[in-house]
Amino acid sequence: MATRLTGTVALVTGASSGIGAATARRLAEHGASVALVARREDRLDDLAAEIGKAGGTALAVAADITDRDRAEAAVRGTVEHFGRLDILVNNAGLMLLGPVVGADAEDWERMLAVNVRGLLHTTHAALPHLLAAAEEGPRRVADIVNISSIAGRVAWNGYGVYNLTKFGVNGFTESLRQEVTRRHVRVGVLEPGGVDTELGSHNKPGIQDAMITPFYESTEVLAPEDIADGVAYMVTRPRHASVGELWIMPTDQV
């Protein structure tokens, strides 16, 4: 087993499936102890057992990060269990597409809650522990990786509110990087394009058929493991090497 992250602790949100689960596995392979945070407790337990069987260490933390108290409790529970926190991967996300005219505004609230408020809650709760890790930890650096989307750079018809959340994640990431980089907390955003996950599975059937299925049928699609490799690349760099922004795109879109 690789050991670049031995002695460190990582917290991954949205860890019950897709990119989050793949990222947790990859960080554990590099030697990190991993806190798995998501709402689906049964899936977290299965993943924690899988990581343990492979020789890693994982803690299942069932929490809805859109609730500030629960997000803070997830971070607090992680630090109480492992004694520290070195890496935060804000991966939890929701994509509900459709036009603004005639849209269900409850979908917007759900996306804003997961993609923006959840990220803010976990970051705010984790930051004091990450700053401490950067000062006292074995690597003398800590990392925040925010999983955004190419939709944080390019707008498309029907993606309006999803674009809003991801443009916001990108702007927040850049602002936070400027705030804490001199304190050796590296903050980066990873922007995938075209990944086969459950992210869009909550879309209405008509939206799925009109906007998502044709895309998957017309391009090479990335796997969650491809994005996990990108996260590992960002957090295993030498202490003074920071990756502020990383795009991961299918080769036929480059």
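Author: Let me start with arginine 68 and glutamate 72, whose side chains meet in a salt bridge at 3.1 Å, N to O; a salt bridge here is a side-chain nitrogen of Lys or Arg within 4 Å of a carboxyl oxygen of Asp or Glu. Please keep in mind that this is a predicted model, in which local features need pLDDT of at least 70 and side-chain atom pairs count only at pLDDT 80 or more, while totals for chains, interfaces and linings use all residues. Residues are numbered from 1 along each chain as its sequence is written, and side-chain values use heavy atoms, with hydrogens and water left out.

Reader: How are arginine 68 and glutamate 72 separated in helix H3?

Author: They are 4 residues apart in helix H3 (residues 68-82), so about one helical turn separates them; helices are DSSP runs of H or I with at least four residues, numbered from the N terminus.

Reader: Which side chain does glutamate 174 meet in a salt bridge?

Author: Glutamate 174 meets arginine 177, at 1.9 Å from N to O. The two are 3 residues apart in helix H5 (residues 160-180), again about one helical turn. Arginine 177 is buried, with a relative accessible area of 16%, whereas glutamate 174 is partly exposed at 35%.

Reader: OK, how many salt bridges does the structure hold?

Author: The structure holds 11 salt bridges. One of them joins arginine 26 to aspartate 229, with the closest N and O atoms 2.7 Å apart. Arginine 26 lies in helix H1 (residues 18-29) and aspartate 229 in helix H7 (residues 224-235), so this pair ties together parts that are 203 residues apart in sequence.

Reader: How accessible is arginine 26?

Author: Arginine 26 counts as buried at 16% relative accessibility, while aspartate 229 is partly exposed at 40%.

Reader: Switching to the surface, where does aspartate 42 lie?

Author: Aspartate 42 lies in helix H2 (residues 41-53) and is exposed, with a relative accessible area of 52%. Glu41, Asp42, Asp45 and Asp46 gather in a patch of negative charge on the surface; such a patch is made of residues with over 30% relative accessible area and no salt bridge, like charges being joined within 9 Å.

Technical notes: Patch = residues over 30% accessible without salt bridge, like charges linked within 9 Å, V, L, I, M, F, W, Y side chains within 5 Å. Areas by Shrake-Rupley, 256 points an atom, 1.4 Å probe, with all protein chains shown as cover. Lys, Arg positive; Asp, Glu negative; His and termini not counted. Charge placed at Lys NZ, Arg CZ, Asp CG, Glu CD. Buried < 20%, exposed > 50% of the residue type's maximum accessible area, 1.4 Å probe, protein only.
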